[in-house]
Amino acid sequence: MMKKTVVAIDFGSFKIACAAAEKTDQGVRIAAYREVPSEGINRGEIVNIQKVLDRTRPILSEISAEVECDINEVVAGISGQTVKTLSATNKRTRKNTADLISQSEINDLTDDMQKFRVNSSETVLHVIPQYYNIDDLMGETDPIGIQGTEIEGIYKLLIGRSKASENLKTTVSKLGLKLNRMILKPLASAQALLTEDESELGTALVDIGGGTTEIMIIKDKIIRHAAIIPFGGNSVTEDIRQAFGISLKNAEKLKTRFGSCFSDNVSDTKMIAIKNSAGRGDKKISMKALSLVIEARMVEIFEAVLYEITKYTGKENLAAGIVITGGTAEMLHLTTLAKAVTGMPVRVASPDINIAPGSCNEAYTRSASTVVGLAIMAAEQQDEKEEEEEPVANNPAIGIIEEEPAKKIKEDKPKKKINFKSLLGNLFDAADDEA
């Protein structure tokens with residue numbers, strides 16, 4: 001693989017997306033993007049590995065040809081309806097109390113949490129530090145350089161099904177590739193979309209995919225809560241199919257071409273004609289009736305989102321409100337409905353402020369948010385590794401991470417991007433090291 005070129009794959013319920021990226025002076029540029037309708041994936045988890053392989057191989061070949069390099073390893077997103085968040089602590093009495101707390105000491109404390117005992121069918125996907133207590137100093141978010149006798153780390157553990165993790169690893173292995181990193185999808189979407197202000201003030205990122213709706217709550221630049229709702233855009237399509245007795249293909253067309261989430265904004269008189277097979281004549285469907293079906297399911301989704309927000313914190317504590325993305329976010333009047341159900345500020349986002357100019361057009365769409373975020377995280381991590389490998393004499397700034405300036409954007413867009421390298425801490429799990 002050519003230097004600084006990374007490849008990411010998002011195995012989604014609705015589509016499989018692949019992106020190649022490279023780090024430039026202006027940020028991470030998405031050099032190539034491909035997607036294909038998915039098969040063998042149910043509610044975010046790979047079920048039929050062979051069907052996923054058959055779908056994925058052609059787009060990987062196209063990506064490889066476009067960026068003119070061999071693909072040997074990838075980063076991949078992991079999801080699934082059973083992902084949950086647990087709170088945990090790790091306390092340690094320090095051997096050399098006269099020494100200042102070091103980064104390696106904090107890393108060791110965090111790494112220990114990867115061994116946290118969970119059910120036999122579960123695995124720890126990510127360990128996210130919240131704060132540290134050092135003797136009588138409580139709630140410290142930056143413990144490096146502090147002196148103390150006892151240190152206690154408070155963590156959020158993101159837990160997923162072992163089977164989902166194993167199937168993802170097997171799929172990538174059978175593609176003939178090394179799985180470099182496995183990243184929870186909402187983390188990747190957050191990287192692609194959120195601004196620094198949103199991460200500090202508090203926001204709930206909501207990625208409405210085909211089989212699941214993924215939620216990530218971030219406040220004070222720390223990930224506080226993650227949850228997966230086991231339905232998304234595919235549930236809307238199925239509701240339309242059953243309500244009007246039409247094929248799944250036609251139901252998807254109705255949703256994407258005419259679907260509105262807010263029935264009050266839809267005319268009572270407009271009709272849609274759908275051609276029937278076998279000469280049975282066209283079927284006419286009221287746009288108002290279509291909107292009512294869509295609205296019912298989307299209200300259910302946003303009520304579940306609000307429940308997750310309330311479970312962690314009151315909605316008044318998330319001053320930046322809700323940021324929505326995903327393919328289903330393309331539907332009309334989504335913002336209006338989300339505001340009405342949740343009573344919170346809402347922004348529908350695309351990955352357009354956190355990628356470098358010159359990225360391919362497909363990378364700017366809402367449905368690409370997850371794979372773009374995966375590619376960004378992989379490219380920035382690779383860049384850090386290369387810097388660490390440079391001789392110290394030739395790199396006087398080694399060990400100092402400076403944020404790159406945000407690129408120029410339109411006035412109606414947020415103007416500061418979040419640097420998730422500092423937010424996520426020791427987040428990436430080496431796939432080869434996992435059980």
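Where is Asp220 found? Asp220 sits in the loop between β13 (213–219) and β14 (222–229). Strands here are DSSP runs of E with at least two residues, and helices are runs of H or I with at least four, both numbered from the N terminus. Asp220 is not a glycine, yet has a positive phi of about 55 degrees. Its relative accessibility is 42%, so Asp220 counts as partly exposed. Buried means under 20% relative accessible area, exposed means over 50%, and partly exposed lies in between (1.4 Å probe, protein chains only).

The structure is a predicted model, in which local features need pLDDT of at least 70, side-chain atom pairs count only at pLDDT 80 or more, and totals for chains, interfaces and linings use all residues. Residues are numbered from 1 along each chain as its sequence is written, and side-chain values use heavy atoms, with hydrogens and water left out.

Glu68 also has a positive phi of about 55 degrees without being a glycine. Glu68 is placed in the loop between α1 and β6 (73–78). With a relative accessible area of 66%, Glu68 is exposed.

The protein chain holds eleven helices and 18 strands. Of its 435 residues, 54% are buried. Among contacts with a separation of 6 or more, 68% are accounted for by residues 24 or more positions apart. A contact means heavy atoms within 4.5 Å.

Four strands form an open sheet in the order β7-β10-β8-β9, with antiparallel pairing. β7 (84–93) and β9 (137–140) stand at the edges with a single partner strand each, so one side of each lacks a neighbour in the sheet. From one strand to the next, the twist averages 35 degrees. Two strands pair if DSSP finds at least two bridges between them. Strand β8 (residues 122–134) is joined to β9 by two bridges, and these strands run antiparallel. Tyr132 stands opposite Glu140 in β9. Helix α2 (residues 103–112) lies across β7, β8 and β10 (150–161). This helix runs at about 130 degrees to β7. Axes are lines fitted to C-alpha atoms, for helices over the stretch in contact, and angles run from 0 to 180 degrees between N-to-C directions.

Two packed helices are described by the angle between their axes and the distance between the axes. The axes of α1 (residues 49–67) and α3 (residues 162–174) come within 10 Å and cross at roughly 45 degrees. α1 and α3 are therefore oblique to each other. Angles under 35 degrees count as roughly parallel, over 145 as roughly antiparallel, 65 to 115 as roughly perpendicular, and the rest as oblique. The crossing of α1 and α3 is right-handed, meaning that the near helix is turned clockwise from the far one by less than a right angle. Ile49, Val52, Leu53 and Arg57 of α1 make the contact with Asn167, Thr170, Thr171 and Lys174 of α3.

In helix α4 (residues 185–193), nine of the nine residues are buried, so the helix is largely enclosed by the rest of the structure. Among them are Lys185, Pro186 and Gln191.

Ser13 lies in the loop between β1 (5–11) and β2 (15–24). Ser13 counts as buried, at 14% relative accessibility. A polar atom of its side chain lies 3.4 Å from the backbone nitrogen of Arg43. Not counting residues up to four places away in sequence, Ser13 touches Ser38, Ile41, Asn42, Arg43, Gly44, Gly210, Gly211 and Asn234.

How values were computed: Polar contact = N/O pair within 3.5 Å; in protein donor to acceptor, adjacent residues only side chain to side chain.
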